[in-house]
Structure formats: C-alpha cells, structure tokens
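Subject: Structure handover and findings

Hello,

Here is the structure we talked about passing on. My notes follow below it.

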Amino acid sequence: MTTGQIYKIHSDFYYVQANGETFECKIREVLKKQKEKILVGDFVEFENGHITKILPRKNYIKRPSVANIDQIIIVSALKEPDLDLHQLNRYVALAKYFNIPAVLCFNKEDLQFDLHLINRIKSIYKPMGYEIYYTSATEHKGIKTFEKILEGKTSVLCGNSGVGKSSLVNAINPNLHLRTKKVSDKTQRGTHTTRHSEIIKINETSRIVDTPGFSNVKFDFLLPADVDSLFVDISQYKENCKYSDCLHLNEDGCAVLDNIDKIDNSRYESYREFIKEAKEYKEKIKYEGKKEENSKKTVHNKTVAKISERKRQSARNTLKQQLYKDIDYENADE
C-alpha cells in the first residue's frame, strides 16, 4: 500500500504524486458505494492503480473542491475589471467559514494608482487582521514579495477570471506557461483560462492550486443566524443587541445598527445579501426536511458501506414475504 496526494483529477482518472513519481489511478468500487468524493489535495492510499482509502483532511473548500491547503490568496484587480468589493467580501467570508488563513492581493496596480481606493481597502480589511499586498504582473512589481508569501506552503489562488492569477504565477516561474487571456472590452470580464483544479509546483518549496475562476460563491448552505459570524466587523457589536437572535436588519435595540456608521457600506450590503441567500436556504430545508444519512459506518475498525434504512426495510419486507409464501405452501400440503 502506497500513500500519495491527488494533484489532478480528469474525468474518472485521479493523478497521484508519491515518492517523486506520478500514478494514474481509479477509485475502488467500495469507495464509490460510500459516495466518498475525492478532492484535489487529498492524501490517499492506493495499490495496483486503485485508490483504496482517503486519509483524514485538515481542511477543505467546497467550491472549488480542494483539500489540505495552508492558505487562500484572494486575488483582485484594481482595474480591468474594476474592483468589486462585494465579490471580495464573498471570498473573505468563504475563507472565514472554512477557517483557512487568507491573504489579500490586489493586482494590476500599474493601470491606475487610485489613492482613495487604496486607503479604503486598508481601512476596511486591515482592522480585521488581513495582510494586504499590491502587485503588477506586467511590470513585475511586488512579485518577490508575492513569492515570499507562497514560500513553503500549498496555496489556493482565489478570484474572478481576468484578475491576473495565472499571470502572477507565470511572473514567478515563466517556465510554467499558464494560459492567460485579456479582459473582454465589451463585458469587462475575464475569460476562463483554467479548466480544472490542479496542484502546481512553483519551486522547490511552494505549490499553488490553479483553479477555474469562480464568481458564483453563494451562502446558500448556512442558516441566517450564522451569517454574522463571517463578519468580524459586524459580530463585534452583537453581544449588545437587545435580542439574542437579532439578524441586524431592522430589529429594535440592535447594537449593530446603532454602530452602522463604523461599518463600511459595502460590508453591510454584502451581509444583507448573504442573509437573503441564507433565508432561501432555510426555506428550502424547511419544506424538504430530509437529512442525508451517513453512507459509511465502522465495523471491527474497518470502514464499510452503510445500507440505508429504506433498503434495509425493503430487504426485511422481501424476507417476510418469502416466509409467508413458505408457510402458505406448507399449509397447502397439509
């Protein structure tokens, strides 16, 4: 049995790196039955070209699906496309939700130095403890500092298409030749250049996860009462709210609303958007009301596929029917 790490997934094939070699593997049937999803970054055990076990993760991100990372580098463009603070807040909240350290990188500084925007970024995110860096991949500004941020770690580069993630990596290691495209003049949006997630070795100590651009991060998987925990600048006031279940929207005695002038407008607007998405999720589970049953169980220190209660009951019914048929057949003989 060999232990390695998944660095790329393509169709039904999983590419594993172990002991300096690359192995093309498929999933063993028992893992398929357990509906266990394997992610890029997972450490696995494999033999004879088949993955037999997924080792415990230290962390993961749901979208894009990546596991066992050290930090998230949130890359935004200052221009082309224009900085979208609401989208940035989504990425910041995503890192907060999965409890993964995040660093903010603002690229394309060469296009236009906007002191007001720089100061606003600093006033919003510095008090929350985020490290902020400015780079220009085209003019090679801040690249040495960016390289130092990545040193000795596996990092996910997170951000919209067109902000320059691939360009930054190429600036560090031109031999990688990651695909890049310019922002559309018509839409002011980037074109997806990365088709799948893949761990890429930048140098001897640093690796990045190159992921497809993702702009549809939605918080449609948590309840409204949990949203403020993703906003440090909002949750710091919640202890003084009149009601413990205050959502900080229009409630009487809300300490957040009493201090709204101390919270950047983009942050509070993002909070309200997340609350709306969380309410939609709450309504959805309210009417569906079904909890997914665990597909695995441990028997004699071994993980095996778990038979659902519905299938188990179906098997019992089949067995009962067969017993009744046997009894009726015996009675008929008498």
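E204 and K201 form a salt bridge, with the closest N and O atoms 3.7 Å apart. The term here means a side-chain nitrogen of Lys or Arg within 4 Å of a carboxyl oxygen of Asp or Glu. E204 is exposed at a relative accessible area of 70%, while K201 is partly exposed at 48%. The accessibility classes are buried under 20% relative accessible area, exposed over 50% and partly exposed in between, with a 1.4 Å probe and protein chains only.

Two points on provenance. This is a predicted model, where local features need pLDDT of at least 70, side-chain atom pairs count only at pLDDT 80 or more, and totals for chains, interfaces and linings use all residues. Residues are numbered from 1 along each chain as its sequence is written, and side-chain values use heavy atoms, leaving out hydrogens and water.

Back to the charged pairs. The salt-bridge count comes to 12 by this rule. D228 pairs with K238, and their closest N and O atoms are 3.2 Å apart. D228 sits in the loop between β13 (207-210) and α6 (232-235), and K238 in the loop between α6 and α7 (255-258), so this bridge ties together parts 10 residues apart in sequence. Helices (H or I, at least four residues) and strands (E, at least two) are DSSP runs numbered from the N terminus. D228 is buried at 4% relative accessibility. K238 is partly exposed at 31%.

R267 also forms a salt bridge, with D233, at 2.9 Å between the closest N and O atoms. R267 belongs to helix α8 (residues 265-288) and D233 to helix α6, so the link joins parts 34 residues apart in sequence. Both partners are buried: R267 has a relative accessible area of 1%, and D233 has 11%. Salt bridges with shared partners also connect R90, E273 and E277 in one network.

Next, helix α4 (residues 143-150). Which of its residues are buried? They are I143, F146, I149 and L150. These residues span an arc of only 110° around the axis, which puts them on the same side of α4. That arc is taken over the directions from the helix axis to the C-beta atoms. K144 and K148 are exposed on the other side. The cover over the buried residues of α4 includes β8 (71-77), β9 (102-107), β10 (131-134), β11 (154-158), α5 (165-172) and β13. Just after α4, G152 has a positive phi of about 75°.

The structure has 1 cavity of 30 Å³ or more. About 40 Å³ lies in the largest cavity. A cavity is a set of points on a 1 Å grid over the protein atoms alone where a 1.4 Å probe fits but cannot get out; lining residues have an atom within 4 Å of a point. Points are joined across faces, edges and corners, and the volume is the space filled by probe spheres set on them. K62, R63, L94, F98, V217, K218 and F221 make up the lining. By class, that lining has 4 nonpolar, no polar and 3 charged residues. Nonpolar covers Ala, Val, Leu, Ile, Met, Phe, Trp, Tyr, Cys and Pro; charged covers Asp, Glu, Lys and Arg; the others, Gly among them, are polar.

Overall, the protein has 9 helices and 15 strands. Of its 334 residues, 41% count as buried. Among contacts (heavy atoms within 4.5 Å) between residues at least 6 apart in sequence, 62% join residues at least 24 apart.

Best regards

Conventions. 1 Å grid on protein atoms, 1.4 Å probe; cavity = no way out; pocket = protein on both sides within 12 Å on 5 of 7 lines; lining within 4 Å.
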